[in-house]
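Welcome! Please take a moment to look over the sequence and the 3D view, and then read on for a short tour.

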Amino acid sequence: MVEHVVVIGAGVYGAAVAASLTRRGARATVVDSGAPAGGTSGATFSWTNSCGKEPRAYHDLSVASMEAHRRLATLGDWYHEGGNLEWADDDAGRERLRGKVAGVQSYGYEARWLDRADVLRLEPDMDPAALPEDGIAYFPREGWVEPTRLVGHLLAAAASRGAEVVRGDAVTALETGSGAVRAVRLASGREIDADAVVNCAGPRAAEVAAMVGLSLPMSNTHGVLVYTAPAAVWVSRVVHAPRVHLRPDGAGRLLLHTHDGDSAVHVSDTGDITVDRSAVDDVVAAGRALYPGLGDTAVESVRVGERPIPADGLPVLGRAEAVPGFHFAVSHSGATLSVHAGDLVAAEVLGDDQGGVLAPFRFERF
Ligand SMILES: Cc1cc2nc3c(=O)[nH]c(=O)nc-3n(C[C@H](O)[C@H](O)[C@H](O)COP(=O)(O)OP(=O)(O)OC[C@H]3O[C@@H](n4cnc5c(N)ncnc54)[C@H](O)[C@@H]3O)c2cc1C
């Protein structure tokens, strides 16, 4: 019987798994080599969506995850369901967007087309000249989360039910006996007995899997996130414009991102990360072209996040057949998925098999 579970990593996944485990009556210890939400969950665009997620099982998992955010949000104010606007500025982009809208509509997902006047009613501070006359897709049930506050809430909930949160101490080894996980060893020398372990190490999940001899193929990528100082500009939802993606980030700050900007990340041989300043200037200029009221608002910080992406792009969730007691909760889109997917993983850790819903996301597919 599983009584005590060690959760490795205190990002959105680790926090969600720990909250669910303790709600289900188990004892949990969450171990993070750094600070909670100090990994990818602290440097993410955190748009909640199922906008073009394929195959169907991944779409359905994402939709159920958006619903889980709605339910949890009755306990706090970290979730913002303002919708998402998206448009393109060339024929290929418009064709892609039409295909995406038709695809999600065929799954029963809410999406509709707006024209410039509709969008200006939603976002009156946008420059009309930056918008096409029509062909603007609107996904009203999408939104964004404040991941650090979400992690804080989930860990506090777990701690209030007896969980221990260990900070600044990395898991360096996993002990097995008769093939099953028995204990984790930390950099400090501490050893913690465990009936089960959940790998929520995000971009470092392959290293944790290797501790029990499992090879988890990952194709992580870096992303550049630009946070402005507070500005009195009305941005009230997620916006995917051709040259900039942006959303509010609380207290009047905006968070800006572009895919082009992601290629401005350089990682040195020693692991130092730098970002070309011109890429930051470009994304700010694109933000200002869309919302002229941004004026000369300063950039407050630039963060680089590492997306934890299993090699085929799909989540890796649930038990590892070869190592009893070892479980995965690893994916990109974790800001969307973690509350729901973490709950499914926790249920399975405690013996409630999630065979059907987790079948497409098993580690064994590799
Ligand atoms: C630029 C960017 C944009 C994104 N945009 C979106 C989006 O719009 N919507 C969306 O849903 N998702 C998005 N994501 C993805 C999402 O942010 C991630 O899927 C999610 O944050 C992953 O959470 P996690 O808990 O798995 O990992 P993390 O938050 O990285 O947590 C893992 C934790 O494990 C700890 N750890 C690692 N190894 C060890 C060890 N050996 N011992 C102890 N602790 C360890 C780390 O310190 C870390 O705190 C984006 C990501 C990036 C980078």
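## Around the ligand

A polar backbone atom of S331 sits 2.9 Å from an oxygen atom of the ligand. Keep in mind as you explore that this is a predicted model.

## Helix 2 meets helix 9

On the helix 2 side, the contact is made by Y58, L61, S62, A64, S65, M66, A68, H69 and L72. Helix 9 brings A335, T336, L337, V339, H340 and L344. Sorted by class, the contact of helix 2 with helix 9 holds 10 nonpolar and five polar residues, with no charged ones.

## Helix 1 beside helix 5

Another pair to find is helix 1, residues 12-23, and helix 5, residues 147-160. Their axes are 8 Å apart and the packing angle is about 25°. Angles under 35 degrees count as roughly parallel, so helix 1 and helix 5 are roughly parallel to each other. The crossing of helix 1 past helix 5 is left-handed.

Which residues of helix 1 and helix 5 make the contact? From helix 1 they are V12, A15, A16, A18, A19 and T22, while helix 5 supplies P147, L150, V151, L154, L155 and A158. In the contact of helix 1 with helix 5, 11 residues are nonpolar, one is polar and none is charged.

## Two backbone details

Most residues other than glycine have a negative phi, and most peptide bonds are trans. With that in mind, two places deserve a look.

The peptide bond from E54 to P55 is cis, and its omega is near 5°. You can find P55 in the loop between strand 3 (47-48) and helix 2. Further along, S178 has a positive phi, near 50°, although S178 is a residue other than glycine. S178 belongs to the loop that runs between strand 10 (171-177) and strand 11 (180-186).

Conventions
Residues numbered from 1 in each chain as written. Predicted model: local features only at pLDDT ≥ 70, side-chain atom pairs only at ≥ 80, totals over all residues. Heavy atoms only, no water. Axes fitted to C-alpha atoms, helices over the stretch in contact; angles between N-to-C directions. Helix = DSSP H or I, 4+ residues; strand = E, 2+ residues; numbered from the N terminus. Parallel < 35°, antiparallel > 145°, perpendicular 65-115°, else oblique. Left-handed = near helix turned anticlockwise from the far one by under 90°. Contact = heavy atoms within 4.5 Å. Nonpolar A, V, L, I, M, F, W, Y, C, P; charged D, E, K, R; others polar. Polar contact = N/O pair within 3.5 Å; in protein donor to acceptor, adjacent residues only side chain to side chain.
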